[in-house]
Amino acid sequence: MYNKKKILITGGAGYIGSHIAEQLVNQKNNIIIIDNLVTGYKRLINKKAKFINADLKNKKNLKNIILKNKIHTIIHLAAYLNVSEAESNKKKYYKNNVIGTKNLVEACKNSEVKNIIYSSSCSIYGNTVGSVSEHKKPNPMGYYAFTKYKGENLIKKYSKEIGYNFAILRYFNVAGASPSKKIGQIEKSHGQLFKNISIQALKKNPVIRVYGKNYNTKDGTCVRDYIHVSDLADIHVKCINYLFEKKKSITLNCGYGKGYSVQEVVNIFKKIKKNCRVLYEKRRPGDIAQVYANTKKFKKTLKWKPKYNNIKNILLSSIKWEKNIKRLKIKII
Ligand SMILES: NC(=O)c1ccc[n+]([C@@H]2O[C@H](COP(=O)([O-])OP(=O)(O)OC[C@H]3O[C@@H](n4cnc5c(N)ncnc54)[C@H](O)[C@@H]3O)[C@@H](O)[C@H]2O)c1
């Protein structure tokens with residue numbers, strides 16, 4: 001139905017963007033990717049997509065790309081996402097995540113863009129007790145979360161003036177790799193648990209660092225809702241359908257609705273790698289104690305069911321991809 005329309009993915013050379021591109025290309029969609037490769041990789045760019053090396057900070061260039069390619073739908077993922085780095089380098093994060101998003105929406109003025117899907121984050125909720133629904137008033141605690149929330153507000157603010165509908169997708173913690181074995185997470189600077197474990201899984205004497213063990217949670221370590229990247233990519237496909245059919249905007253949590261503590265994930269890994277050592281470090285700045293999704297609205301609206309929601313399999317899928325990186329000798333910068 002939307003096959004002839006052009007879909008632009010910002011950050012399409014990154015981890016999540018490459019998985020979304022893979023699914024959309026498999027369904028014969030017309031995909032254009034823009035990315036400045038700051039944490040993205042040429043190897044992750046789908047060969048059937050058109051790639052433009054461009055930076056969100058250049059508004060004029062964005063406008064040209066959107067007009068020239070007659071873009072109809074944008075999936076906006078490009079951002080910096082290291083929670084600790086954001087605390088120490090706020091300017092860098094504001095410029096990229098907030099001004100970058102502003103440039104993108106402003107570049108949509110007088111264009112054919114009718115839909116924008118925005119990658120937001122569960123971190124905008126701040127600390128939560130029990131599962132969190134989309135109705136909860138956002139309370140971003142770290143600077144990264146603040147930039148993602150600012151991005152949401154910009155997408156909303158400009159929607160009427162410019163004339164597009166939006167889907168704000170609040171991702172919970174994304175992990176795993178595509179069953180195609182062709183793509184997965186390469187970048188390791190984001191400080192994410194599954195990536196760190198997968199890197200250690202290939203070592204003779206793995207060491208897992210757990211940041212903070214005195215949080216007010218079931219076992220003192222942080223609790224998160226981990227979603228497989230292929231399920232998350234599928235949600236984007238469903239969301240495009242939704243925007244085309246219903247022609248109205250929506251905000252949705254994207255998680256499975258179950259919280260696992262870091263310690264629980266580490267315990268699963270310890271069964272796979274018995275000689276693994278666990279080091280408990282102090283808390284990382286910007287990290288919240290606990291967040292997991294209430295998925296009621298999301299399941300009802302998209303009538304979607306997960307395919308990969310087994311935590312051990314998500315971990316195994318991440319480790320398998322890490323082995324692939326080594327086997328293929330992918331250069332990591
Ligand atoms: N990974 C997660 O668990 C998670 C959770 C919540 C939200 N998110 C959001 O999902 C999005 C994608 O995250 P990811 O995990 O795929 O990270 P990623 O680093 O793999 O992808 C981000 C991509 O954006 C590109 N990029 C960054 N700044 C740019 C700019 N100014 N111009 C052009 N390209 C630029 C990078 O080169 C990279 O390819 C981000 O917006 C992030 O905030 C991710």
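I started with contacts: of those joining residues at least 6 apart in sequence, 80% link residues at least 24 apart. I count a contact when two C-beta atoms, placed from the backbone, lie within 7 Å. This is a predicted model, so local features need pLDDT of at least 70 and side-chain atom pairs count only at pLDDT 80 or more, while totals for chains, interfaces and linings use all residues. Numbering runs from 1 along each chain as its sequence is written.

Next, burial. I get 47% of the 333 residues buried (20 or more other C-beta atoms within 10 Å of the residue's own, with C-beta atoms placed from the backbone).

Then secondary structure: I find 10 helices and 13 strands, as DSSP runs numbered from the N terminus (helices H or I, at least four residues; strands E, at least two).

I zoomed in on H8, residues 262-272, where Val262, Val265 and Phe269 are buried. They span an arc of only 70° around the axis, so they sit on the same side of H8; the arc uses directions from the helix axis to the C-beta atoms. Their cover includes helices H6 and H10 and strands E8 and E12.

Last, domains, with bounds from an automatic or database assignment. Domain 1 is 6-175 + 225-254, and domain 2 is 193-224 + 257-294 + 306-327. Their C-alpha centres are 25 Å apart.

Conventions: Buried ≥ 20, exposed ≤ 12 C-beta atoms within 10 Å, placed from the backbone.
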